[in-house]
Amino acid sequence: MSLLTAPSEIGTLILYVIKKNLPNRRTLGKQDPYCLLRIGQNAQSSNIDKRGGQRPVWNHEVRFQLSESDDKVKVTILDDNDTKPELIGDGYITLDPVLNSSTKIEYDQWHEIQYRSKYAGEVLIQMTFYPNVCDFLAF
C-alpha cells in the first residue's frame with residue numbers, strides 16, 4: 001500500500017448525521033425521513049427513520065474523499081413514501097470551517113434547510129476532516 005494519493009485528493013471528510021427538527025409534509029401518518037448528502041458527483045444517504053416524523057434520529061456516518069475543488073456539501077432531507085421520495089427541505093453547508101482551520105478539524109453545528117426558499121428546519125451534522133498523510137510530510 002502506498003502513501004501517495006492522486007494529486008487532487010486532499011483527505012477524508014467524515015459526516016455524522018445526527019438528528020433533525022423539520023416540518024411535517026404528510027397530511028396523514030408520520031413521515032419516514034432520510035438524509036441525502038452530496039459532494040460533487042458523489043452522494044450517500046442515511047438510513048430511513050421509519051415513522052421518525054418531525055424529529056428523526058439517524059446517527060449515521062458517511063465518508064467522502066475530498067478533492068481540492070470540493071467546498072460544500074448539499075444536504076437534502078426526503079420523505080420515503082409509497083410512490084416516490086418527497087422533498088422535505090435542502091441546503092448547502094460550506095466546508096470552510098473544517099478545511100481552512102489551522103487548529104480545528106472537527107466541527108458540529110445545526111444547519112438550516114429550506115423548502116421553496118422558506119425555512120424548513122435544521123439538521124445536526126458533525127464534520128471531521130482527516131488530511132492525507134502526504135500533506136504533512138516535508139521532503
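With which residue does R63 form a salt bridge? The partner of R63 is E61, and the closest N and O atoms of the two lie 3.0 Å apart. By salt bridge I mean a side-chain nitrogen of Lys or Arg within 4 Å of a carboxyl oxygen of Asp or Glu.

Before I continue, a word on the basis of this talk. This is a predicted model, in which local features need pLDDT of at least 70 and side-chain atom pairs count only at pLDDT 80 or more, while totals for chains, interfaces and linings use all residues. Residues are numbered from 1 along each chain as its sequence is written, and side-chain values use heavy atoms, with hydrogens and water left out.

The structure holds three salt bridges.

Let us turn to D80, which forms a salt bridge with K50, the closest N and O atoms being 3.7 Å apart. D80 lies in the loop between strand 5 (72–79) and strand 6 (86–94), and K50 in the loop between strand 3 (42–45) and strand 4 (57–67), so the pair ties together parts 30 residues apart in sequence. Strands are DSSP runs of E, at least two residues long, numbered from the N terminus. D80 is partly exposed at 21%, whereas K50 is exposed at 53%.

Finally, K74 and D90 meet through their side chains in a salt bridge of 3.7 Å, N to O. This pair links distant parts of the chain, with K74 in strand 5 and D90 in strand 6, 16 residues apart.

Conventions:
Helices (H or I, at least four residues) and strands (E, at least two) are DSSP runs, numbered from the N terminus. Buried means under 20% relative accessible area, exposed over 50%, partly exposed in between (1.4 Å probe, protein chains only).
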